[in-house]
Amino acid sequence: MSIQVENISFIYNEGTPFESEALKDVSFTIEDNEFVGIIGHTGSGKSTLIQHLNGLLKPTSGRITINGIDITSTKNLKNIRREVGIVFQYPEHQLFEETIYKDIAFGPSNLGLPDDEIKMRVFEAMKTVGLDVSMKDMSPFELSGGERRRVAIAGVLSMMPKILILDEPTAGLDPRGRDEILGKIKEIHEKYEMTTILVSHSMEDIAKLVNKIIVMHEGKVSLIGTPREVFKNVEKLEQMGLGVPQITYLMRDLRKNGIELPDDILTVDEAKRCILEYLRGV
Amino acid sequence: HRLDPRVKIILSIIFIISLFIITKFSGYVFILLFILGSICISKIPLGYIFKGLKPILVILILTVGLNIFFTPGGILLASIGPLKITSNGVRLALFMGLRLIFLIVGTSLLTLTTSPIALTDGIESLLNPFRRIGMPAHELAMMMTIALRFIPTLLEETDKIMKAQIARGADFESGNLMKRAKNLIPLLVPLFISAFRRADELAVAMEARCYRGGINRTKLKQLKVTTIDYIAILVTSILVIILIWNRFWPW
Amino acid sequence: MREKDFKRLVYIALMTALITVGTMVIQIPTPYTKGYVNIGDSFIFLSASILGPFAGFISGGVGSALADLLSGYAVWAPWTFVIKGVEGLIVALLLKKRSAKKSFVRIAVFILAAIWMVFGYYIGGAVMYGFKAALADVPGNIIQGIGSVIIGSILVESLSRIKYFKDLKQG
Amino acid sequence: MENIIMARDLTFSYETGNEENKKKIVLNSLNIDLEEGKFIAIIGHNGSGKSTLAKHFNALLMPTEGDVYVNGMNTKDSAHVWDIRQTAGMVFQNPDNQLVATVVEEDVAFGPENLGIDPKEIRKRVDFALNAVDMFKYKDSAPHMLSGGQKQRIAIAGVIAMRPQCIILDEPTAMLDPMGRKEVINTIQRLNKENGITIILITHFMEEAVLADRVIVMDDGNIALDGTPKEVFKEVKKLKDLGLDVPQVTELAYKLKQEGIDIPTEILTVDEMVRFICQYK
């Protein structure tokens, strides 16, 4: 599913002394089946932006079209919300049911699906996030933090959205937990051909996963493009309080020292390859 | 503004009681002077004070209305069908109406000039003498402080959980009372769990910072009764004396 | 202070904050009338049934009075403190004595507490602006009471099934 | 150098109630000496026992077996609990759930108030602590108006105001954004260098651990590695097996070495790597 965001602005507390403009004339397009990363520091408007994509917030002006449907004018937001799933930050805090099964089933039962369809979806979602189906009757509150988060993600997946938005899904996890969740997200993106939007602070993760980056700064889109294009702007990103992957810094510093290396290296393996070439060539 | 919160609380209580002492209109003159004086000193814009009156507008009209129409006795002034307006009615209506207005203005003066934290400190210190008879003054104040600290946090949390559940198709806006009550569960349960989780973590953090109850505890900001406080007490005492005296006036 | 008392203090404080928040912002519009039912009373029922009489009284009284103060109904704050405090106390004391496990007992206790709430506010109103005018608030309070009993019962029911709270009640 | 914290045969376990596996051992007979004035990082995956260990240093938990000494005081000795907590202050993960008061400076004063210190002295300490974390101008703000990094600095100030010799930080940056993380790390580095306060930092972020004088790696209640960052991080394979990360340049050095390049595996920073490669220019 594709998303078109055209010139949206959003003002919090309009008409009060606390008025603040969270989004200013934001426009971009996300194509079907893209994997998009959104970066920007806290207060840059990322969270406000993603809440617009399933109608939780309505833009003060501008238009958002999802698969050709203008969601800023439609009244039937329920349909939009079944297509666009959002996994919020620390999603495990929204768990409320007595069993894992019931919690994951909450979304699909709100869609009014028949019981066996719900059952199928719950089991599939559990498998997708790497939870054993035999755990279905356990209380989510008995699980570890990382497992609880998977239950919460499964709770969104079970609605089978066509667009999946994740707001810092790895926040607070240890390195292994981070890698596992990101691995699952990649799998989901490929297996279900979901359009995926990942909000993250980790430039390394973004560089590894996505094929397009949107950089938000002070409520505006400041850069947009492939990771290779975006991470070339080291100075600009630093000015915004953001960084680039450590490997990108390394390549930049090497070039500054007069070593001829490509300027669009993002991962350790890429760097290894071209440094080897360089060293063997000397 | 700069009064000691303890003095403010006591004075407000005296003020409220004195409103109920009044039996004659002449008493309100003094109250009016007193309130106008306080407003001038507090430098609070009148607009704020009128805003405070808005929510009670309906009840104010009702009070006045009911008293006008349903008070027997006195001279009949006018009648609309079965409704009779008597002089006693008008008198009582005005009387009750004014009392209500003064009540609201007086109490909103207290809350507008005193932060909830200062109020908490004041309450703690006022309750302190009762500790010996088992009144947990310090604990109460500590509790109120923590509650005030976490109100904004929980407000934010409520908004977040609500949005997350709406994104999962929850519906907080339709159905009958029973259905709506049920629909609130996905919001209320996580909210509770979050509050208790926060309490657990906070308790550990407080322990790590050497919290051991009110025993042997000092305070960064000591409450002090100053000259202004004494003047305020004096003025209020005069008001009360006048009002008591006022009860014996012929008008 | 013993560690347990101290933990309890923090629990009560958070419950108080929750009651304030529930009273101020979590409201459901009531059908047919144009009023709102807030969640405050249901939270008081819950606080009282989980944490006991002292907590029920304090969190109910202070939490609701704070909501009054913060939303500009300062006149009502002292009344609210007593009324809602006693409301919590009623729930906690009655549930302590009888077999609180049966849901109809619990609902009966909640109803009783709600009746007290309506009555208390009527008396408060009567003192402040006369018995007749105070009647005007009664229907709204009755709806608030009914709503609170419904939400409160469902809430306590679903929470008691969650392991986390079972542990809390014992410990 | 003096040891500020010592653990001797420290074991911590609890009953699980589970039939087959009755006892869960969280810390397994640990012997640790932490020197005064150092910046020590403790890393390990979730459940490796690092938080439990930290809570022992502050007498929030008591060893099931063995002893923990803070500045020579045994944490089991209940007469010293308050001295211990004052000596080794603690900062927790969630910045929201450790601030008590509704005004920043009152929160910072909370610790000293509990110790029964004279109000004038508290005033001095609060001002000093707020300056130390560079938050003085926010002293009258409400905590909920601050960013995560700022809240965490207030929490640190709250500990500083108790005049500790040592601060234990349990994943203080886990919930922060990169900017907040930088603020907090800069603050603790400064406190360590300028005020000589011992820092014990528990973290999941390897780029933070790299900054320490010493890194301790925990795994299943045991110490898996212990040494300077250079010594620890060159064990790329072992760390990865333990579910941990290494800095990207360290990983690069490790991979280059595997390809037969003669490169020191102790590379931790971009600069070191640049210097190495420039040798071949």
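This note takes a new reader through the predicted model, from its confidence scores to its cavities and strands.

1. **Overall confidence.** The structure is a predicted model. Its scores are ipTM 0.89 and pTM 0.86.

2. **Confidence in chain D.** The mean pLDDT of chain D is 89. In this chain, 98% of the residues reach 70 or more. Where is confidence lowest and where is it highest in chain D? Strand 2 of chain D (residues 23-35) is lowest, at a mean of 88. Strand 3 of chain D (residues 39-43) is highest, at 95.

3. **Cavities.** How many cavities of 30 Å³ or more does the structure hold? There are four.

4. **Lining of the largest cavity.** Sixteen residues line the largest cavity, written 16 in the count. Closest to its centre are M142(B), T145(B), K219(B), E106(D) and E113(D). Chain B and chain D both supply elements here: helix 6 (116-127) and helix 7 (137-167) of chain B, and helix 3 (104-114) of chain D, each give two or more residues to the lining. By class, the lining has six nonpolar, four polar and six charged residues.

5. **Lining of the second largest cavity.** This cavity is lined by V129(A), R150(A), I153(A), I181(A), K184(A), I185(A) and I188(A). Two helices of chain A, helix 5 (145-157) and helix 6 (175-192), each supply at least two of the lining residues. Which helix gives the most? Helix 6 of chain A does, with four residues. By class, five lining residues are nonpolar, none is polar and two are charged.

6. **The six-stranded sheet of chain A.** Chain A has an open sheet of six strands, with mixed pairing. The strand order is 6-7-8-3-9-10. Which strands are at the edges? They are strand 6 (84-87) and strand 10 (220-225) of chain A, and each pairs on one side only. From one strand to the next, the twist averages 15°.

7. **Strands 6 and 7 of chain A.** Edge strand 6 of chain A pairs with strand 7 of chain A (residues 163-167) in the parallel sense. Four bridges join the two. G85(A) stands opposite L164(A), which belongs to strand 7 of chain A.

8. **A helix on the sheet.** Helix 5 of chain A packs on this sheet and touches strand 6 and strand 7 of chain A. The direction of helix 5 makes about 170° with that of strand 6 of chain A. Helix 5 of chain A also supplies at least two residues of the lining of the second largest cavity.

9. **Strands 1 and 4 of chain D.** Strand 1 (residues 3-15) and strand 4 (residues 65-70) of chain D run antiparallel. Five bridges join them. T11(D) has E65(D), in strand 4 of chain D, as its bridge partner.

10. **A hairpin in chain D.** Strand 4 of chain D also pairs with strand 5 of chain D (residues 73-74), in the antiparallel sense and over two bridges. The bridge partner of Y69(D) is N74(D), in strand 5 of chain D. Together, strand 4 and strand 5 of chain D form a hairpin with two residues between them. Which residue in the turn has a positive phi? N71(D) does, with a value of about 55°.

Terms used:
Residues numbered from 1 in each chain as written. Chains lettered and ligands numbered in written order. Predicted model: local features only at pLDDT ≥ 70, side-chain atom pairs only at ≥ 80, totals over all residues. Heavy atoms only, no water. 1 Å grid on protein atoms, 1.4 Å probe; cavity = no way out; pocket = protein on both sides within 12 Å on 5 of 7 lines; lining within 4 Å. Points joined across faces, edges and corners; volume = space filled by probe spheres on them. Nonpolar A, V, L, I, M, F, W, Y, C, P; charged D, E, K, R; others polar. Pairing = 2+ DSSP bridges. Axes fitted to C-alpha atoms, helices over the stretch in contact; angles between N-to-C directions. Contact = heavy atoms within 4.5 Å. pLDDT = per-residue confidence, 0-100.
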